Amino acid sequence: MTEFLDTPTGRRIAYNRVEGEGIGIVFLGGFMSDMAGTKAVAIEHWARAQGRPFLRFDYSGHGESAGQFEDGCIGDWAEDARAAIKALTLGPQILVGSSMGGWIALLLSKRIPEQIAGLVGIAAAPDFTQDGFWAGFDAEQRETLARDGVVYLPSGYDSDYPITKRLIEDGRTQLVLREPLSLPFSVRLMQGTEDSSVTRETALRLFDHIDGEDVRLNFVKGADHSFSTAACLKMIEDAISDVLDQVGDATSV
């Protein structure tokens, strides 16, 4: 059942939570995605069968949460995630970040390290506002952004992506690939070879950049950005189980 959290910043966040025992799982969704997506729901079902705590939620301006998407930025959504974890979970969590959620998971690993037990990245997209959107803009798009405050890009879904000036400018203050990135816990990264949103080069750049003793990257031939086939979902579940094994928490029913 969907519930709502009023965060310290005054935003109203929609969430679904499963109670359980042991280390919890938190799903962090992607850009213009929501907590009702295939991966989030599938992981919830898996966690419920394991008797394990699980949390999924919508960032402000996404899904059932309050606010307009165009008003948000990476910093806001990272703060939403931090507030949800602080208020709605107990003890260390395994973060499962999809696309933008992978970037937010990396930010949280720096800001609340005491609450992170491990990380699973699915087509993780760190720094994409700068290295993807801004780097790909031509002169006309950059002029439009400066003049109008927004540029619209095709998303491949029902509606275009509104890329705002605030999103770009805030993104530059949230970058994680320009400075050391120490992740002292197990990290599992997965990347599809047919992903048209996040490149193989991005996955390798992140993998090489992480400073950690237990970091693995799996490429899945033929998988796209959604990473939501039955085989891909099983890989995500196995990756979470692997991280749980590394921290010595194999609670199941």
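Predicted model: local features only at pLDDT ≥ 70, side-chain atom pairs only at ≥ 80, totals over all residues.

User: Why is S197 called exposed?

Analyst: Exposed means over 50% relative accessible area. S197 has 52% relative accessibility, so S197 counts as exposed. S197 sits in the loop between β10 (186-192) and α7.

User: How far is S197 from I13, along the chain and in space?

Analyst: In sequence, 184 residues separate S197 and I13. In space, their C-alpha atoms are 27 Å apart.

User: What makes S159 partly exposed?

Analyst: Partly exposed lies between the two cut-offs, under 20% for buried and over 50% for exposed. S159 has 40% relative accessibility, so S159 counts as partly exposed. S159 is in the loop between β7 (150-153) and β8 (161-164). The C-alpha atoms of S159 and M32 are separated by 9.8 Å. Along the chain these two are 127 residues apart.

User: What is the hand of the crossing of α1 and α8?

Analyst: α1 passes α8 in a right-handed crossing.

User: Which helix gives the most to the lining of the largest pocket?

Analyst: That is α4, with four residues. At least two residues each come from α1 (38-50), α4 (128-136) and α7 (200-209).

User: What about the second largest pocket?

Analyst: Its volume is about 240 Å³. The second largest pocket is lined by 17 residues, and E19, P53, L88, T89 and L90 lie nearest its centre. Two or more lining residues come from each of β2 (12-18), β3 (24-28) and β4 (54-57). The classes are nine nonpolar, six polar and two charged.

User: What makes a space a cavity rather than a pocket?

Analyst: In a cavity, a 1.4 Å probe fits but cannot get out, whereas a pocket is open. The structure holds two cavities of 30 Å³ or more.

User: How do you know that the lining of the largest cavity has no charged residues?

Analyst: Look at the names. The lining is A123, A124, L189, M190, Q191, A203, L206 and L217. Asp, Glu, Lys and Arg count as charged. The lining divides into seven nonpolar, one polar and no charged. Three of the lining residues come from β10, the largest share. The space inside the largest cavity is about 40 Å³.

User: Which classes line the second largest cavity?

Analyst: Three nonpolar, four polar and two charged residues. The lining is G29, G30, S33, D34, M35, F57, D58, Y59 and H62. Asp counts as charged and Gly as polar. About 30 Å³ of space lies in the second largest cavity.

Notes
Residues numbered from 1 in each chain as written. Heavy atoms only, no water. 1 Å grid on protein atoms, 1.4 Å probe; cavity = no way out; pocket = protein on both sides within 12 Å on 5 of 7 lines; lining within 4 Å. Points joined across faces, edges and corners; volume = space filled by probe spheres on them. Buried < 20%, exposed > 50% of the residue type's maximum accessible area, 1.4 Å probe, protein only. Left-handed = near helix turned anticlockwise from the far one by under 90°.
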